[in-house]
Amino acid sequence: METKVLSSGIRFSNLPESYIRPESERPRLSEVSACENVPVIDLGSNHRAQVVNQVGLACKHYGFFQVTNHGVSSELVEKMQSVAHEFFDLPLEEKLKLYSDDPSKTMRLSTSFNVNKEKIHNWRDYLRLHCYPLHKYVPEWPSIPSSFKLSVASFLCPFDDVLISPANGLTGNDGSGAVYREYTYAEYYKKFWSRNLDQEHCLELFKNH
């Protein structure tokens, strides 16, 4: 049987060819700028407006930030990491029950990014879960290991039929100044998973010409 995931128990002595990117596509660390002033935002602050402003500025000028007093205990983080290790250490045949390369599935184990489209793979396995509303999706989550049940990375997404477009005040009432056309989230999601990471940014597929 072909091994579909990296977490198969096999120890690799050499990187498989399908994971080696041409030098022209590799990050050039010498060109990466150092950042010594990463924004640190105190989520426990009583000044909500100030926190909102800090988040906005951090997103605008840095693209990321560190938070303190977020209410997630170190113990909870350690438990999350522990159960993640437990899952990926399960026997291969147990994990493959959850494997799928169908991006429309709301719970699936997969590898890389889009194995059906890409030429060069990414060195990762991942378990993808839908979480909201919990009562709808929790029943399909893995039952093994028994301690499984928070999620690690979470993406907040609109409903499938939500129409995404710029505000009229930014483009004019007729939308003539919009760089990108309007689209539903379902349309964006479908196009996102029809490409691979080596291609142009997904948003470019909606650009007005």
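Analyst: The model is a predicted one. The protein chain exposes about 15500 Å², and 53% of this area is supplied by carbon and sulfur atoms. Of its 209 residues, 23% count as buried, where buried means under 20% relative accessible area. The C-alpha atoms fill a box of roughly 55 × 45 × 45 Å along the principal axes. The protein chain carries 23 positive and 26 negative side chains, and the centres of these two sets are 3 Å apart.

Within this chain there are six helices and six strands, which follow one another in the pattern β-α-β-α-α-β-β-α-β-α-β-α. Helix 1 covers residues 48-61, and its 14 residues reach 20 Å from the first C-alpha to the last. That span is close to the 20 Å expected at 1.5 Å a residue. In general, an α-helix has 3.6 residues a turn, so residues three or four places apart point the same way. Just after helix 1, Gly63 takes a positive phi of about 90°.

The surrounding region also has a record. An unreviewed UniProt entry lists residues 38-142 as "domain: Non-haem dioxygenase N-terminal". In the model, this span is 35% helix and 15% strand, and its end C-alpha atoms lie 37 Å apart.

Notes
Residues numbered from 1 in each chain as written. Predicted model: local features only at pLDDT ≥ 70, side-chain atom pairs only at ≥ 80, totals over all residues. Heavy atoms only, no water. Helix = DSSP H or I, 4+ residues; strand = E, 2+ residues; numbered from the N terminus. Expected span 1.5 Å × (residues − 1). UniProt positions renumbered as here; feature names shortened; annotations may be inferred. Buried < 20%, exposed > 50% of the residue type's maximum accessible area, 1.4 Å probe, protein only. Areas by Shrake-Rupley, 256 points an atom, 1.4 Å probe, with all protein chains shown as cover. Lys, Arg positive; Asp, Glu negative; His and termini not counted. Charge placed at Lys NZ, Arg CZ, Asp CG, Glu CD.
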